Amino acid sequence: METLEELKEKFDKLNKERSILFKKIRKLENQETLKNVTVGNCYLDIWNNRFVKIIAIDNDEFCSIIIDEYSITRDWFTVEDVKNWKKITSHQFKDIYLAVMKDIRDPDLNYPESNWFTVYKSIMNSINKGD
């Protein structure tokens, strides 16, 4: 039977090996993600309910246009961020862009829902059909 110290030592060794393997897995996942991302790709960031179009890539960072319900901005993302994104078409991105621009130009919305929300629901429905 192993002693407590031997078990702790064995556990520490396995834990270090686990950490090394996890880092290797992450690196390979990131490389795989980078292969699939190119300038011009468009996505829906599921966690943040915003749309993203990649406009530049610098190593493992992406400069992107971001569209949410209230604004159009630009920001940088990492490979880790892309893992929560669903790919959409450039046509869908253009539709959401035009919807937000229409909402921005007409802030006195008397509709049951905004133009952004109408297009958002349409894109979500198409993504859900694809899953």
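Buried residues make up 27% of the 131 residues in the protein, where buried means under 20% relative accessible area, exposed over 50%, and partly exposed in between (1.4 Å probe, protein chains only). The model is predicted: local features need pLDDT of at least 70, side-chain atom pairs count only at pLDDT 80 or more, and totals for chains, interfaces and linings use all residues. Residues are numbered from 1 along each chain as its sequence is written, and side-chain values use heavy atoms, with hydrogens and water left out.

The secondary structure comprises four helices and five strands. Both are DSSP runs, numbered from the N terminus (helices are H or I, at least four residues; strands are E, at least two). Along the sequence the pattern reads α-β-β-β-β-α-β-α-α. The radius of gyration is 21 Å, well over the 14 Å that the globule rule gives for 131 residues, so the protein is more spread out than a compact globule. That radius is taken over C-alpha atoms, and the globule rule is 2.2 Å times the number of residues to the power 0.38. Along the principal axes, the C-alpha atoms fill a box of roughly 75 × 30 × 25 Å. The protein exposes about 9500 Å², and carbon and sulfur atoms supply 53% of this area. Accessible areas come from the Shrake-Rupley method with a 1.4 Å probe; for residues, only the protein chains shown count as cover. Among contacts between residues at least 6 apart in sequence, 47% join residues at least 24 apart. Contact here means heavy atoms within 4.5 Å.

The five strands form an open sheet in the order E4-E3-E2-E1-E5, with antiparallel pairing. Strand E4 (72-78) and strand E5 (85-88) stand at the edges, each with a single partner strand, so one side of each lacks a neighbour in the sheet. Neighbouring strands are turned by 35 degrees against each other on average, direction ignored. Two strands pair if DSSP finds at least two bridges between them. Axes are lines fitted to C-alpha atoms, for helices over the stretch in contact, and angles run from 0 to 180 degrees between N-to-C directions. Helix H3 (residues 90-105) lies across strands E1 (42-45), E2, E3, E4 and E5. Its course runs at about 50 degrees to E3.

Two hairpins can be followed strand by strand. E1 and E2 pair in the antiparallel sense over four bridges. Cys42 has Lys53 in E2 as its bridge partner. Four residues lie between E1 and E2 in their hairpin. Asn49 sits in the loop between these strands. Its phi is positive, about 50 degrees, although Asn49 is not a glycine. With a relative accessible area of 35%, Asn49 is partly exposed.

Strand E2 (residues 50-58) continues the sheet to strand E3 (residues 61-67), and this antiparallel pair has seven bridges. Lys53 stands opposite Ile65 in E3. Val52 has Ile66 in E3 as its bridge partner. The hairpin of E2 and E3 has two residues between the strands. Asn59 lies in the loop between them. Asn59 also has a positive phi, near 60 degrees, in a residue other than glycine. At 67% relative accessibility, Asn59 counts as exposed.

Two aspartates were examined in detail. Asp45 belongs to strand E1. With a relative accessible area of 3%, Asp45 is buried. Its side chain makes a polar contact with the side chain of Asn48 (2.8 Å). A polar contact is a pair of N or O atoms within 3.5 Å; within protein, one must be able to donate a hydrogen and the other to accept it, and residues adjacent in sequence count only if both atoms are side-chain atoms. A polar atom of the Asp45 side chain also lies 3.3 Å from the backbone nitrogen of Trp47. Neighbours within four places in sequence aside, Asp45 is in contact with Arg50, Val52, Asn84 and Trp85.

Asp68 lies in the loop between E3 and E4. This residue is partly exposed, with a relative accessible area of 26%. The Asp68 side chain reaches the backbone nitrogen of Ser71 at 2.7 Å. A polar atom of that side chain lies 2.9 Å from the backbone nitrogen of Tyr70. Leaving aside neighbours within four places in sequence, Asp68 is in contact with Asn49, Arg50, Val100 and Trp116. Asp68 and His91 are 23 residues apart in sequence, and their C-alpha atoms are 16 Å apart in space.
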